[in-house]
Amino acid sequence: MVEISHNIEIHNLSTWFGSKKILRDITCYFRDNSVTAIMGPSGCGKSTLLRTLNRLNDLVPSFRREGVVLFRGQDIYKPGSSVYELRKRIGMVFQKPNPFPMSVRDNIMYGPKLHGVKDDNELDKIVEDSLKRAALWDEVKDELDQPAPNLSGGQQQRLCIARALSVDPPVLLMDEPVSSLDPLSAGKIEELIVELKKDYTIILVTHNVQQAFRVSDEAAFLYLGELVEFNSTKKIAVAPQDERTEAFITGRIG
Amino acid sequence: MSDSSETPNVAEASGEAQEGIDTGSPLAGFANRLLKPLRDFVKADTPGRIDKAGKAALILPTMASTLIIILILGFLWYEATPIFLDPSGGPGIIVSPTWDPNRNLYGIAIFIVGSFLCTGIAIGIAVPLGVSGAIFLSEFCPMRLRTLIKMIMEMMAAIPSIVYGLWAYVVMVPYIRNVMAPELQSNLLTSWMPWFQGSTNGLSLLAGGLILAIMLLPTVVTITSDALLTVPRTLREASLALGATQSETARKIVLSAALPGVGAAIVLSLGRAVGETMAILMVTGNSLQIPYTLFDTTYVMTSIITNQLGYAFVFPLWRSALFAVALILLIISICFTVVAKLFIRWGMKTRGYI
Ligand SMILES: Nc1ncnc2c1ncn2[C@@H]1O[C@H](COP(=O)(O)OP(=O)(O)O)[C@@H](O)[C@H]1O
Ligand SMILES: [Mg+2]
C-alpha cells in the first residue's frame, strides 16, 4: 500500500450535545493537497464534525466526545495541548460571510497581530499575499481602508478566506462557504477552492452534491451522524456502494 | 398624459430652485438641508394622497420635542439676559471665580469647574469599571448569574438619588475622613501626590465623584452589556477560529464591534452626571472655592441653583445669574450629546454599519 500523507485523521469519533448523540463512531482521514467533501442532508452533523476538528465545539458546555482526532500525528484533545495553537494551524470559513466590522486591512491583520507579527512591512505583505491567494486583491487593493461589511457578499466571503489564510494554516475547514451566495460569486469561490488545494488540505462541507462532485477529490457521505460512505469522489459519483448514498446523490433524500 | 408630463416638470423646477438657493448663500443652503427631509416626507406619497393623519401623527411628536428644547433654551436665555447685559455681570462671569451676591459678584467659574471635575471623576471610574463588568457579564458569565446581576443593576438604577446621597453622607463621607484620607496621606507610595493633599472632613470632590460613579455604574453596565450581546456569535467564532483567546476576542472584536453602543451608554451617563443634583449636593461640602485636591470641598452647578434659588428670587441679578448657570448646564449637556452622536456616527461608518 502506498504511503499517503494526511494532516488530519479521525479514529472512532463519537460526539454528543447533552444526551443527544450527533456523530456515531466515525473513522476517516483527510488527504493533503486535496479537497475532501463532506456531504449529507442538513442536520446530519456535518458542521459538528468540522467544529470538532478545530475544537470550536469546546465552547458548547454540553459537548462531549469520544475517540481520537489526530493533527499531524498529535491528539488534538490531549490534555495540555494548546487549542489556540491548533486553531491557528487549522483555518475556518463559515457558512455566512462574517467579516469583522472594521477595515479590509484590519480584518486580514487581526490574526497575524494576535500571533505576534508587529512589523508594518511584514503585515502589509501578509495583507497583499492573503488577498491575492483569495483572488480578491485586484478588486479591493484601492479600498483596503474601507469597512469590510461594505463589500459585496461574494467579496466578503473571499475576504473571510483571505483572513483564514493570513495565519498560514496548512488545513482549511469550510462550512458550506457558498450556500448564502449568488451563483456567480459561488462559482468564483469554487474555482478558488480548486486553486487553493495546491497548497492546503481542504475539508469542504456541503449539502450540494453537484458542488461536491465539481470540486472535491474525495467525498464522505454523512447520514444521521453515521459515516455511510467514504471514497474518491469519482467512485462515489459513478458507483455509490450504499443505497443511502445513491438515494442522496440522486436527490431522493436530503 | 398631461399628468405624467407635469410631474417631472415640477420636480425639475423645484430641483433647480433648490440648487439656486444652495449656491446663493451657505445659510440658505443649511436651511434647505434642514427643510429638505421635511419636504420629502410631505411629498412621500403624493400620487396616492393617503394617510395624511398618519403622517401628522408621526411628525407631531418629532416637532414637539424639538420645539420643547428650543423653548427651554429660549426661556433660560430670557431669564439669564439681565446678568449678561448688566455691567457687573456680562459674559465674563463664565470665567470669573468669585461668587458673592452681597457684593454683586456673580462669577460662576467655580461651579463649572466643580461640575466638570465631579463628572470627570465619576466617568473616569464608572466607564472603565462598567465596561469591564459588562464584558464579564456578556462573555464570561453563566446565563443564570447574568440575569441575576442584570436584575440587581436595573434595581440600582431605579434607586432615588436622595437615597444614594443619604448613604454616602452616613457611610462614605466618614469613611473618606477616617480611613481613606489618612491612609492615602501616610503611605509612601501616594502621600506625595498633590491630589491627595489637604485635611478633610470627608465632604469632598472625591465623595461627589465616587457617589456619582456608583450611581452611573448600573446604567453603564446594562447598556454596554446589551450592546455587547447584540454582537453576532459568528464574529466571536471567527476570532476564536483564528486562535484568539476568549479575552482577546472580547476586547478586540466584541467590544470594538459594539463601540457605538458603548458610546451611547457613555452619553447617557454623562447627561445624568452633569445634571445630577441631590446626592452631589449632600456630599461635596458646597464651599465657594475651586478644588485643588480630591479632598477639597467643591460646589457644582446644580447645587448652587438648588441652594440659592429661594433667597435669590427677589434679587433680579442674583436670580438671573442662577438662570445663567442653568443655561450653561443645558448647553454643556447638549454639547456632550452632539459630540457623542458624532462619535457614534463615526463609529458606525468605520464599522460599515451605515
Ligand atoms: N450547540 C449545539 N447545542 C446543541 N445541539 C446542537 C448544537 N449544534 C448543533 N446541534 C445539533 O446537532 C445536530 C447536527 O447539527 P449540525 O452539525 O449543525 O448539522 P449540519 O451542519 O449537518 O446541518 C442537529 O440536530 C443540531 O440540532
Ligand atoms: Mg451546518
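User: Which residues surround ligand 1?

Analyst: This is a predicted model. In chain A, the run Ser42(A), Gly43(A), Cys44(A), Gly45(A), Lys46(A), Ser47(A) and Thr48(A) is part of the surroundings of ligand 1.

User: Which element gives the largest share of the shell around ligand 1?

Analyst: Two elements of chain A give two or more residues each: strand S2 (20-31) and helix H1 (46-53). The largest share is three residues, and it comes from H1(A).

User: What is the distance from a polar side-chain atom of Ser47(A) to an oxygen atom of ligand 1?

Analyst: Polar atoms of the protein lie by ligand oxygens at several points. A polar side-chain atom of Lys20(A) is 2.9 Å from an oxygen atom of ligand 1, and a polar backbone atom of Gly45(A) is 3.1 Å from one. For the side chain of Ser47(A), the distance is 2.6 Å.

User: What percentage of the area that ligand 1 exposes when taken alone does the protein bury?

Analyst: Start from the ligand alone, which exposes 560 Å². Of that area, the protein buries 63%.

User: Are H7(B) and H10(B) roughly parallel or roughly antiparallel?

Analyst: The axes of helix H7 (residues 205-229) and helix H10 (residues 259-275) of chain B come within 9 Å. They cross at roughly 160°, and H7(B) passes H10(B) in a right-handed crossing. Angles over 145 degrees count as roughly antiparallel. H7(B) and H10(B) are therefore roughly antiparallel.

User: Which term describes how H8(B) and H9(B) lie to each other?

Analyst: Helix H8 (residues 233-241) and helix H9 (residues 246-257) of chain B have axes 10 Å apart. Their crossing is right-handed. The angle is about 140°, so the pair is oblique.

Definitions and conventions: Residues numbered from 1 in each chain as written. Chains lettered and ligands numbered in written order. Predicted model: local features only at pLDDT ≥ 70, side-chain atom pairs only at ≥ 80, totals over all residues. Heavy atoms only, no water. Near = heavy atom within 4 Å. Polar contact = N/O pair within 3.5 Å; in protein donor to acceptor, adjacent residues only side chain to side chain. Areas by Shrake-Rupley, 256 points an atom, 1.4 Å probe, with all protein chains shown as cover. Helix = DSSP H or I, 4+ residues; strand = E, 2+ residues; numbered from the N terminus. Axes fitted to C-alpha atoms, helices over the stretch in contact; angles between N-to-C directions. Parallel < 35°, antiparallel > 145°, perpendicular 65-115°, else oblique. Left-handed = near helix turned anticlockwise from the far one by under 90°.
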